[in-house]
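Here is a short briefing on helix packing and aromatic pairs. Keep the structure open while you read.

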Amino acid sequence: MTAPSHAPVRQSDLNWWERRATVIMLALIATIPLFWPTIPPLVDLPGHMGRYRVQLDGDGSAIRHFYNFHWALIGNLGVDLLIVPLAKLLGLELGVKLIVMAIPAMTVAGLLWIAREVHGRVQPTALFALPLAYGHPFLFGFVNFSLSMALALLAFGLWLRLARLGRQRLRALVFLLISPLIWITHTFGWGMLGILAFSAELIRQHDRGIGWFRAWFHAGVQCLTLAPPILLMILWRSGHVTGQTGDWFHWSRKWEWFERTLRDRWEWFDKGSVAVLCALFVTAIGSRRLEISRNLGATALFLLVVFIVLPRIVFGSAYADMRLTPYLIAIPIIGIRLRPGASVCLARGLAIAGLLFFGVRIAANTVSFAIASTGYDRALGALSYVPEHARLVSFTGYKCGNSWSTNRMEHLGAIAIVRKRAYSNDQWDMAGAQLLTTNKPDAGFFRADPSQVVVAGKCRDRWRPLNWSLTHLPRDAFDYVWLIDPPAFDPALTGGMTQIWQAGTDRLYRIDDHAMLQATR
């Protein structure tokens, strides 16, 4: 395959999709779905925001009566650290919103920068990869992970640029600083950067005429500058915080993750969008007018191997393999380029098609986020009736079966921590994975996630029917019960409670009789 030219090109001589102004515009367009919602409707994000409130309030605050929080150096601190100065300047909710808005913008910028460095010019096919900034992991609310991956893409663009300029020594010094910062943001981003950098160095060394064995050795030496966080990883994951690792080679689940790469709200549309990207890649393989970069092709193969080998649960964190799918697709897509001699009409046609694909996906994400935000605003009306420092238990309805549209209400109860500094039963309590642990032993099963998710009847083992939860709730441990989009339940189980608010099916109860039902359990 013909190597791309990296000779400087004036901005005025570039096609519209290659210009710096276009790249900036595309990055800004990527933020549009997040403009309207007050709270970005990402599944886990409200839960994380609850943790930020606890950490920001500090020792001695009333909220620390309910939660323990101790700072530690772990590989999962991206937004946790950034929100400290931003909350002081802008407030917690606006600060989180701005950080989250920056993630898809940086992801888009990183993908286009990599494409520019690998091909010499931004290829029109790269525009098709941009909707993957709103991949399933981001919509799930894995914000530290998504931020670290965005930083890894940008860092890889810098890695390629410094190599192209022959500045390997400067690169080694710079990445001695960058790699720990990305690791602190989230370990996955650091791992992603290592895969990207090693595969690129392997191909670069081999293209210099070095045999494959020596190329592997030299690539490893070049990547030693990324290795220091290994020591941090050993310190973090030793002793009692190792966590469970398991569920290997679950093939049906891996295929499901791949299909759900762009999962948002409309199954036919999201699956169809993934099919478009796959069709583009397959077309490029057999085309006489398109080809795939050896650099990014090798990277895609490395990522595929990692995706296959990676279990579903790593160190207690679930969905480890699922998180890779947007990048597993994005890297080979931005690796596609026009062969020399391909017509300008083909390039323009692909650019227009890619821009339309990006625009349609962004429009759909915008509508989906607006729908979810309306649900947030309705449910959060309950907090006007919750006093400061209340002991609140929330139950959010979940429909059994694999519904395509994600349930973005699962951790909405944590906004009671944010706005009322109340207790919420939706926080994660996993040693080593989070800096927060709960301090409410009287709540029993209802002290932490997943007690807030309820179903109508028998479902998965980890989720209990709402009737069971209302029956077994230790009433003396709570003051209020918040039902968010609940399934059908026996109203007799709310005896001894007073309903003080309702909007649609959402309801808020004040517990008046803390002893009722206790003797019958």
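Ring pairs join Phe 66, Tyr 67, Tyr 423 and Phe 478 into a cluster. Rings of Phe, Tyr and Trp (its six-membered ring) pair if their centres lie within 6.5 Å. This is a predicted model: local features need pLDDT of at least 70, side-chain atom pairs count only at pLDDT 80 or more, and totals for chains, interfaces and linings use all residues. Residues are numbered from 1 along each chain as its sequence is written, and side-chain values use heavy atoms, with hydrogens and water left out.

**Aromatic pairs**

- The structure holds 22 aromatic pairs.
- The ring centres of Phe 128 and Phe 357 are 5.8 Å apart and the planes sit at 35 degrees, so this pair is tilted. Planes under 30 degrees apart count as stacked, over 60 as edge-to-face and the rest as tilted.
- Phe 128 lies in the loop between helix H4 (92–119) and helix H5 (136–139), and Phe 357 in helix H15 (residues 344–380), so the pair ties together parts 229 residues apart in sequence. Helices (H or I, at least four residues) are DSSP runs, numbered from the N terminus.
- Phe 128 is buried at 8% relative accessible area. Phe 357 is buried at 12%. Buried means under 20% relative accessible area (1.4 Å probe, protein chains only).
- Phe 145 and Tyr 327 have ring centres 6.1 Å apart and planes at 75 degrees, so they pair edge-to-face.
- Phe 145 belongs to helix H6 and Tyr 327 to helix H14 (residues 325–334), so this pair ties together parts 182 residues apart in sequence. Both Phe 145 and Tyr 327 are buried.

**H6 against H7**

- Helix H6 (residues 143–164) packs on helix H7 (residues 168–185) at about 175 degrees, with axes 10 Å apart. Axes are lines fitted to C-alpha atoms over the stretch in contact, and angles run from 0 to 180 degrees between N-to-C directions.
- That angle makes H6 roughly antiparallel to H7; the cut-off is over 145 degrees.
- The contact residues divide into 13 nonpolar, 4 polar and 1 charged. Ala, Val, Leu, Ile, Met, Phe, Trp, Tyr, Cys and Pro count as nonpolar, Asp, Glu, Lys and Arg as charged, and the others, Gly among them, as polar.

**Leu 162**

- Leu 162 lies in helix H6. Leu 162 is buried, with a relative accessible area of 9%.
- Not counting residues up to four places away in sequence, Leu 162 touches Arg 167, Gln 168, Leu 170, Arg 171 and Phe 175. Contact means heavy atoms within 4.5 Å.

Conventions: Helix = DSSP H or I, 4+ residues; strand = E, 2+ residues; numbered from the N terminus. Parallel < 35°, antiparallel > 145°, perpendicular 65-115°, else oblique. Buried < 20%, exposed > 50% of the residue type's maximum accessible area, 1.4 Å probe, protein only.
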